[in-house]
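Hello,

Here is the model I promised to pass on to you. Have a look at it first, and then read on for my notes.

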Amino acid sequence: MTSRLAAFIGLALIAAALILAAPAARAGPAGSDLGMTIFLQRQAARQAVTYSAVRAAVEDGQRPASDLAAARRSLKAAQVALYDQVDQTRRVNDAFFEGLRKENARRLKGELIQVRAAEAELPSLSASARPNAEARLALSRQVLEGYQANVERLANAPAAAPRPKLPILPARP
């Protein structure tokens with residue numbers, strides 16, 4: 001097998017893995033449908049460019065004022081669709097992070113029980129078993145601190161910005 005053929009097969013396997021993983025990634029916590037969000041962002045950007053062009057043509061007297069109103073409605077519809085998708089993504093993410101909060105709280109409680117049990121057991125251990133138990137206890141305390149930091153980080157997550165008043169009109173050049 002030549003090196004080019006091996007490289008091609010390797011790339012084909014990577015591409016196949018990415019294609020197979022795409023539905024799972026799209027439905028994951030990063031967004032309910034990332035592809036749709038990107039499509040809607042591009043659509044809203046195109047509508048903003050169209051609105052700017054129509055506004056310039058209306059100001060120059062080349063198009064009637066009703067075209068500007070239609071372009072504005074089109075821009076608003078594209079932006080509403082985008083913000084609806086963003087809101088849906090936010091709801092999916094909020095549900096995901098709520099699950100993380102619950103899981104971290106559960107693990108924090110379990111780790112705290114484990115640390116307390118190890119601390120209570122420590123005085124009764126023999127001199128030869130004590131160093132290993134102290135090392136395990138130190139590791140358990142580090143894990144406990146990590147879970148506490150995660151709980152605090154998730155509790156202090158910033159709130160989502162409120163939805164702006166639509167349409168957001170492009171700036172004049």
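Residues are numbered from 1 along each chain as its sequence is written, and side-chain values use heavy atoms, with hydrogens and water left out.

**Confidence**

The pLDDT (the predictor's confidence in each residue, from 0 to 100) has a mean of 82 over the protein chain, and 82% of the residues reach 70 or more. Where pLDDT is low, the predicted coordinates should not be read in detail.

**Helix α2**

Helices here are DSSP runs (H or I, at least four residues), as are strands (E, at least two), and they are numbered from the N terminus. Helix α2 covers residues 34–59, and its 26 residues should span 38 Å at 1.5 Å a residue; the end C-alpha atoms are 37 Å apart, which agrees. (The expected span is 1.5 Å times one less than the number of residues.)

The buried residues of α2 are Thr 37, Leu 40, Ala 44, Gln 47, Ala 48, Tyr 51, Val 54, Arg 55 and Ala 57. Buried means under 20% relative accessible area, exposed means over 50%, and partly exposed lies in between (1.4 Å probe, protein chains only). Helix α3 (65–121) is included in what covers these buried residues of α2. Just after α2, Gly 61 takes a positive phi of about 80°.

**Helix α4 and the cores**

Helix α4 (130–155) also has 26 residues, which should span 38 Å at 1.5 Å a residue, and its end C-alpha atoms are 37 Å apart, in agreement. Its buried residues are Ala 133, Leu 137, Ser 140, Leu 144, Tyr 147 and Leu 154, and they pack against α3.

A nonpolar core is a set of buried Ala, Val, Leu, Ile, Met, Phe, Trp, Tyr and Cys residues joined through side-chain atoms within 4.5 Å. Which residues make up the largest nonpolar core? There are 7 in all: Leu 108, Val 115, Leu 122, Ala 133, Leu 137, Leu 144 and Tyr 147. Helices α3 and α4 each supply at least two residues of this core, and the largest share, 4 residues, comes from α4. Another core, of 5 residues, lies apart from it and has Ala 48, Tyr 51, Ala 71 and Leu 75 among its members. Back in the largest core, Val 115 touches Leu 137, Ser 140, Arg 141 and Leu 144, leaving aside residues up to four places away in sequence.

**Salt bridges**

A salt bridge is a side-chain nitrogen of Lys or Arg within 4 Å of a carboxyl oxygen of Asp or Glu. By this rule the count is 10.

One of them joins Glu 59 and Arg 172, at 2.2 Å from N to O. Glu 59 lies in helix α2 and Arg 172 in the segment after α4, so this pair ties together parts that are 113 residues apart in sequence. Glu 59 is exposed at 51% relative accessibility, and Arg 172 is exposed at 55%.

Another pairs Asp 84 with Arg 163, with the closest N and O atoms 2.8 Å apart. Asp 84 is in helix α3 and Arg 163 in the segment after α4, so parts 79 residues apart in sequence are tied together. In space the two are 9.7 Å apart, C-alpha to C-alpha. Asp 84 is partly exposed at 38%, and Arg 163 is partly exposed at 36%.

Arg 90 and Asp 87 also meet in a salt bridge, at 3.2 Å from N to O. They are 3 residues apart in helix α3, separated by about one helical turn. Arg 90 is partly exposed at 28%, whereas Asp 87 is buried at 17%. Salt bridges that share partners join Asp 84, Asp 87, Arg 90 and Arg 163 into one network.

Best wishes

Key: Contact = heavy atoms within 4.5 Å.
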